[in-house]
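Reader: Hello! Could you walk me through this fold, one question at a time?

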Amino acid sequence: MQSAPKKKTVSNMACTELRLAGTEPESIVDGRGIRYTVFVQGCPHNCSGCQNPQTHDFSGGYTASIDSLLAEMKENPLLRGVTFSGGEPFAQANALADLAERLKRETTLDLTVYSGWTYEELLKCTKPGVHRLLDLTDYLVDGPYIETQRDLTLHFRGSRNQRVIDMNATRREGHIVLDDLDEETE
Ligand code: SF4
């Protein structure tokens, strides 16, 4: 993943909980525009050279409720969207899909999701919530970080194998459509 999480206490309420490494309420490096980034805790990929190794332990981090996260997202009128990063978001797909459903229902924010798995691998996955989260995703940044393919000139990703997939166009056209990041990124 791209930017490092800041650990923050988010008060719990009675609803679905996520295990988080941190949040960044105004990120400009995790997708287009100003974004509220949720860094989930727990990642199975162990990419060599990962910048966020503290997010790997599935029992680390802290818990936060969907209600409290949504409340923070709704507070900031400058946000263009929300990003789920990590850690591995699809390891908590069910809870994140619940959050994404409410995000779509209650706000106009778009959703970018990072994953160390490729889109093709996620399509084959039968774990609860994975397809539901994919269906709610506007932009998917997919694939593991590969140190030998590191490229600092890329927008919103660290290595050349990673793709930014325009999921709405992909669903519409029935094949993978990449987001054209050479155009304006606001
Ligand atoms: S997917 Fe790779 S780069 Fe991202 S948090 Fe996991 S180990 Fe690190």
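**A tyrosine in a loop**

Reader: Is Tyr-145 buried or exposed?

Author: A residue is buried if 20 or more other C-beta atoms lie within 10 Å of its own, exposed if 12 or fewer, and partly exposed in between, with C-beta atoms placed from the backbone. Tyr-145 has 22 C-beta neighbours inside 10 Å, so it counts as buried.

Reader: Thanks! What kind of model is this, and how are residues numbered?

Author: This is a predicted model, in which local features need pLDDT of at least 70 and side-chain atom pairs count only at pLDDT 80 or more, while totals for chains, interfaces and linings use all residues. As for numbering, residues are counted along each chain as its sequence is written, starting from 1.

Reader: Where is Tyr-145 found, and which residues does it touch?

Author: Helices (H or I, at least four residues) and strands (E, at least two) are DSSP runs, numbered from the N terminus. Tyr-145 is in the loop between β6 (139–142) and β7. Two residues are in contact if their C-beta atoms, placed from the backbone, lie within 7 Å. Not counting residues up to four places away in sequence, Tyr-145 touches Cys-47, Gly-49, Cys-50, Gly-158 and Ser-159.

**The sheet**

Reader: In what order do the strands form the open sheet?

Author: Two strands pair if DSSP finds at least two bridges between them. The pairing is mixed, and the 7 strands form an open sheet in the order β3-β1-β2-β4-β5-β6-β7.

Reader: Which strands stand at the edges?

Author: Each edge strand has a single partner strand, so one side of each is left without a neighbour in the sheet. The strands in question are β3 (62–65) and β7 (163–166).

Reader: How do β1 and β3 run, and what stands opposite Glu-17?

Author: β1 and β3 run antiparallel, joined by 4 bridges.

Reader: What angle does the direction of α2 make with that of β1?

Author: Axes are lines fitted to C-alpha atoms, for helices over the stretch in contact, and angles run from 0 to 180 degrees between N-to-C directions. α2 packs on the sheet, touching β1, β4 and β5, and its direction makes with that of β1 an angle of about 45°.

Reader: Which residues of α2 are buried, and why are they on the same side?

Author: The arc is that of the directions from the helix axis to the C-beta atoms. The buried residues of α2 are Ala-93, Leu-96, Ala-97, Leu-99, Ala-100 and Leu-103. They are on the same side of α2 because they cover an arc of only 160°.

Reader: What is Gly-31 in contact with, and is it buried or exposed?

Author: Gly-31 lies in the loop between β1 and β2. Leaving aside neighbours within four places in sequence, Gly-31 is in contact with Gly-81, Thr-83, Thr-112, Tyr-139 and Phe-156. With 28 other C-beta atoms within 10 Å, Gly-31 is buried.
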